[in-house]
Amino acid sequence: MKHETRKATLHVNQNEGLIFEKSSAGKAAWKLPPLDVPEVDTAKLLGSSERKDFGNMPEVSEIEIIRHFTRLSTWNYAIDLGMYPLGSCTMKYNPRVNEAVARVEGIANGHPYQPEKISQGALQILKTLSECLIDITGMDAITMQPAAGAHGEMTGLLMVRAYHHSKGRPRKKILIPDSAHGTNPATAAMVDYAVENLKSDSRGMVDIAALEAQMNEDVAALMLTNPNTLGVFEQQIHKIADILHAKGGLLYMDGANMNALVGKVRPGDFGVDVMHLNLHKTFSTPHGGGGPGSGPVAIKKILEPFLPTPVLVTKADGALTFNYDRPQSVGRVRAFYGNFGMFVRALAYIQANGPDGLRQTTEDAVLNANYIRKGLEGTYDLPYSTPTMHEVVFSDKLQAKKGVRTMDIAKRLIDYGFHPYTTAFPLIVPGALMIEPTESESKEEMDLFVEAMKSIAQEVEEDPQTVLDAPHSTRVSRLDETAAARKPVLRWKPAV
Amino acid sequence: MLKAIGLRSVDELFAPIPAEYRLSRDLKVPRQMAESEIVDYFRQRSRENGEGYTSFLGAGAYAHYRPVIIDSLISRGEFLTAYTPYQAEISQGTLQSIFEFQTMICELTGMEVANASMYDGSTAAAEAVMMAVRLTGRRSVVVAKSLHPEYREVLATYATHQGMPLSVAGFGADGRVNVSELEKLITAETAAVLIQSPNFFGTIENVAAIADLAHKNGAMLVVSIAEAVSLGIVEPPREADVIAMEAQSFGVPLGFGGPYCGVIATREKYVRQMPGRLVGQTVDKQGRRGFVLTLATREQHIRREKATSNICTNQALVALMVNIFMTVYGKVGLKELAKQNLAKTAYATGQFAKHGKLLFAGAPRFNEFVVDTGEDPKAINHRLLERKIVGGLPLKKFYPELGNAALWCCTELTTRSSIDTAVGLVAESDGVKRSANEDAAVEEVAR
């Protein structure tokens with residue numbers, strides 16, 4: 001008998017097909033209870049609206065479904081497997097108690113339109129979290145409605161627009177630093193503002209002279225990320241706010257990097273008028289492969305009349321209720337009240353930390369980023385020597401000489417068991433390597449990371465091809481993205 | 001670690017922050033709690049939040065059974081704690097599951113392409129309309145009054161600064177879009193007609209007729225589907241150009257309104273104007289099948305202010321719930337499930353019709369219906385609430401012209417006995433003389 005050792009890549013776990021390819025007629029994973037009301041004649045009730053054709057929907061058994069998705073899951077990297085140093089994404093540990101409390105019956109199954117009398121539990125969660133976030137940001141009021149950071153940006157700019165409109169002077173443009181996230185200019189466009197680019201100075205901060213020159217009464221707001229995407233705190237923040245305010249403009253803060261500030265400094269105290277938070281970054285709600293997020297917008301008093309409807313208020317008897325009578329409101333940005341399930345998780349995170357824990361979280365996040373910076377300085381080019389907060393940006397300048405770019409180094413990092421850092425962003429650093437360890441990583445894990453990065457730098461010198469061809473250890477090698485975009489195949493179809 | 005960096009204290013790390021802005025006090029947040037205390041806190045909130053009530057509420061958020069394996073699978077850390085699948089080689093699990101999701105949404109809606117998800121049904125509808133504005137080069141929009149009122153509000157917010165004039169087409173005696181009114185509202189400037197089917201009243205719209213009207217005038221038809229389970233038995237709006245869906249019904253908990261799962265589906269020829277992430281099939285260096293995020297040149301991280309939308313984070317994990325739900329029920333189960341919803345509703349409408357006026361009776365419906373009672377529905381709901389039943393949604397807030405009407409919903413989870421109990425309490429209407437005291441209590445129930 002001939003024995004043949006199969007390669008791992010041929011193993012069934014590694015070759016799970018599409019669910020449609022496992023389907024066959026008659027298999028089922030569902031069971032309905034017997035009907036306790038009379039059967040109906042569908043054709044009679046629906047007439048021509050009755051559906052006849054179900055296309056290629058699958059028919060599979062429960063164990064097949066469990067295996068299918070379990071096998072797929074093993075092809076993913078995850079925080080639970082190791083360090084996820086994605087800059088500006090704040091991939092911190094997602095506590096499991098958050099998941100448990102989000103699934104408690106009355107919280108998981110509350111209907112958004114159930115009477116307020118039996119919704120006080122949910123409203124209390126909403127209120128407590130709102131109060132925490134208001135104190136954390138140093139602002140005066142908050143809306144929890146936006147579903148994600150970009151949605152929060154839109155909500156914030158809508159309020160900025162409404163504010164200027166109420167002053168009788170609608171303005172035309174938003175200033176956005178060249179280091180900003182792509183969502184900032186995209187959002188400004190959605191709210192019909194022109195975008196004007198603001199350049200950074202040699203230290204990676206807002207160029208104050210440029211800001212002074214560009215600031216005028218056509219400018220509605222400056223959208224600033226602080227610490228910015230280089231992980232640098234805008235030291236002249238008070239001056240920036242003054243320049244804006246002197247000409248009637250507002251300061252919008254993108255709170256993506258709030259993990260560097262919580263408990264240590266509050267945006268409301270340094271002149272910010274409006275900002276969004278990302279509960280899925282700073283407040284530990286899981287990224288879930290791309291969402292859901294939650295993007296509350298905190299504001300100063302002057303913007304309060306413009307909050308989206310409804311607004312949570314406390315009645316004389318202490319009961320909580322939604323107020324819909326808000327004549328100056330920008331309107332609704334989402335049906336119902338926002339991604340409530342994320343509020344539950346964020347509040348559980350705040351409770352698990354308390355004031356001391358939140359402060360320490362921030363300190364650890366900044367300490368970790370600086371530890372990595374120290375470890376990799378010299379091995380990788382550090383384009384800005386300005387002090388680092390929660391993330392550090394290197395460039396591939398040294399490695400590019402050998403034809404190896406940031407994306408290649410990132411792919412090679414996969415072979416060492418780490419998720420890549422953020423590549424090629426911010427745009428002001430050519431070939432950027434943007435690293436944010438978060439507070440979740442231990443010294444041991446970071447030492448392994450630094451060692452891996454150093455080892456890759458050495459490989460670039462000795463054997464650049466290994467790096468260029470990486471990853472070598474994954475189920476699939478580098479995928480042809482150009483072909484995917486040229487002739488898009490966006491759904492499965494049965495073979496003909 | 002401080003020593004390695006060459007610092008003496010953590011405070012030195014925060015030196016770049018001007019001293020006058022540094023916080024010198026504790027944050028005003030709850031004190032640190034043990035895990036057991038946190039669980040306790042939320043259990044208490046749960047008890048104050050309708051735990052143990054039977055509900056007849058729908059209106060864009062539907063109570064369907066959630067197969068247990070949904071939570072078992074989405075709780076796997078590899079799904080739960082993964083980031084957006086930009087690094088395709090170590091994200092094939094997420095990517096392949098989204099590809100399957102896109103495929104099943106196409107099969108169910110009759111469309112050719114579907115995206116990886118939007119925030120929810122309301123924002124999906126608004127973004128679908130903006131997509132039609134870009135595609136037609138026109139700006140005005142006609143919206144059905146029978147579209148979820150909160151979806152209409154969201155569209156109004158999105159449209160404000162896009163220079164998109166909105167007009168509203170009313171509904172007729174059968175609860176469906178008044179077609180002759182609609183015809184007058186569609187002009188050569190109309191980019192899109194936005195309707196919902198089954199609509200807010202549960203009634204199935206005459207999509208083909210509305211599509212004809214829109215297309216005849218060069219406008220696009222956008223159809224919103226808020227009750228996804230209807231797709232198991234109701235013909236999908238195949239005549240639509242864009243479908244904007246809320247997939248919450250497919251295995252997503254009610255969760256007091258979110259997170260839910262919006263989706264946009266459309267024709268292949270419109271894909272480059274679609275917002276949101278898309279997963280496409282490709283091959284690796286060895287020619288093996290694999291999946292990647294694709295057509296990213298539509299998106300904000302590449303196109304910045306010229307992107308089709310500012311959306312970045314979507315509802316990936318919720319889309320995975322939807323995906324697993326669709327897989328569990330599949331070709332046969334979805335139909336049987338929808339049929340049970342239809343049967344429960346047929347029974348309930350029959351019973352309610354005996355004691356109240358059933359509005360919009362002339363058109364086919366799925367699992368919602370409108371009952372007009374002599375008595376204020378808030379008073380009825382007050383009575384029901386004492387029996388731990390949440391009655392239909394009073395419509396006066398959204399439609400003052402509908403007076404004492406309320407929107408009721410039945411799903412496969414609604415039992416015959418709860419229907420009978422509710423109907424019995426509604427029937428008390430005529431005999432009830434309310435005291436001033438009760439009136440005050442009624443106000444509390446009101447929203």
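These legends describe close-up views of a predicted model. Local features need pLDDT of at least 70, side-chain atom pairs count only at pLDDT 80 or more, and totals for chains, interfaces and linings use all residues. Residues are numbered from 1 along each chain as its sequence is written, chains are lettered from A in the order in which they are written, and side-chain values use heavy atoms, without hydrogens and water.

**View 1. Phe20(A) and Trp492(A) form a stacked aromatic pair.**
A search of the whole structure finds 31 aromatic pairs over all chains. In Phe20(A) and Trp492(A), the ring centres are 4.9 Å apart, with 10 degrees between the planes. Rings of Phe, Tyr and Trp (its six-membered ring) pair if their centres lie within 6.5 Å; planes under 30 degrees apart count as stacked, over 60 as edge-to-face and the rest as tilted. The pair links distant parts of the chain, 472 residues apart. Phe20(A) belongs to the segment before helix 1 (42-46) of chain A, and Trp492(A) to the segment after helix 15 (481-486) of chain A. Helices (H or I, at least four residues) and strands (E, at least two) are DSSP runs, numbered from the N terminus. Phe20(A) counts as buried because its relative accessibility is 7%. Trp492(A) is buried too, at 14%. Buried means under 20% relative accessible area, exposed over 50%, and partly exposed in between (1.4 Å probe, protein chains only).

**View 2. Phe336(A) and Tyr260(B) form an edge-to-face aromatic pair.**
Their centres are 6.1 Å apart, and the planes make 75 degrees. Phe336(A) lies in the loop between strand 9 (320-323) and helix 10 (340-376) of chain A, while Tyr260(B) lies in the loop between strand 7 (242-246) and strand 8 (262-266) of chain B, so the pair joins two chains. Phe336(A) is buried, with a relative accessible area of 2%. Tyr260(B) is buried at 1% relative accessibility. Both rings belong to a cluster linked by ring pairs, which also includes Tyr113(A), Phe171(B) and Phe200(B).

Helix 10 of chain A gives the largest share, 5 residues. By class, the lining has 25 nonpolar, 19 polar and 6 charged residues. Ala, Val, Leu, Ile, Met, Phe, Trp, Tyr, Cys and Pro count as nonpolar, Asp, Glu, Lys and Arg as charged, and the others, Gly among them, as polar. On a 1 Å grid over the protein atoms alone, a pocket is an open set of points with protein on both sides within 12 Å along at least five of seven lines, whereas a cavity is a set where a 1.4 Å probe fits but cannot get out; lining residues have an atom within 4 Å of a point. Grid points are joined across faces, edges and corners, and a volume is the space filled by probe spheres set on the points.

**View 3. The largest cavity holds about 90 Å³ of space.**
The whole structure has 5 cavities of 30 Å³ or more. Among the residues lining the largest one are Gly288(A), Gly289(A), Phe79(B) and Phe101(B). Helix 11 of chain B supplies the largest share of the lining, 5 residues. The lining divides into 7 nonpolar, 5 polar and no charged residues.

**View 4. The second largest cavity holds about 60 Å³ of space.**
Its lining includes Leu230(A), Arg373(A), Tyr384(A) and Val393(A). The classes are 7 nonpolar, 2 polar and 1 charged.

**View 5. Asp396(A) is buried in a loop.**
The loop runs between strand 10 (392-395) and helix 11 (397-400) of chain A. Relative accessibility of Asp396(A) is 2%. Leaving out residues up to four places away in sequence, Asp396(A) touches several residues, including Val404(A), Arg405(A) and Pro430(A). Contact means heavy atoms within 4.5 Å.
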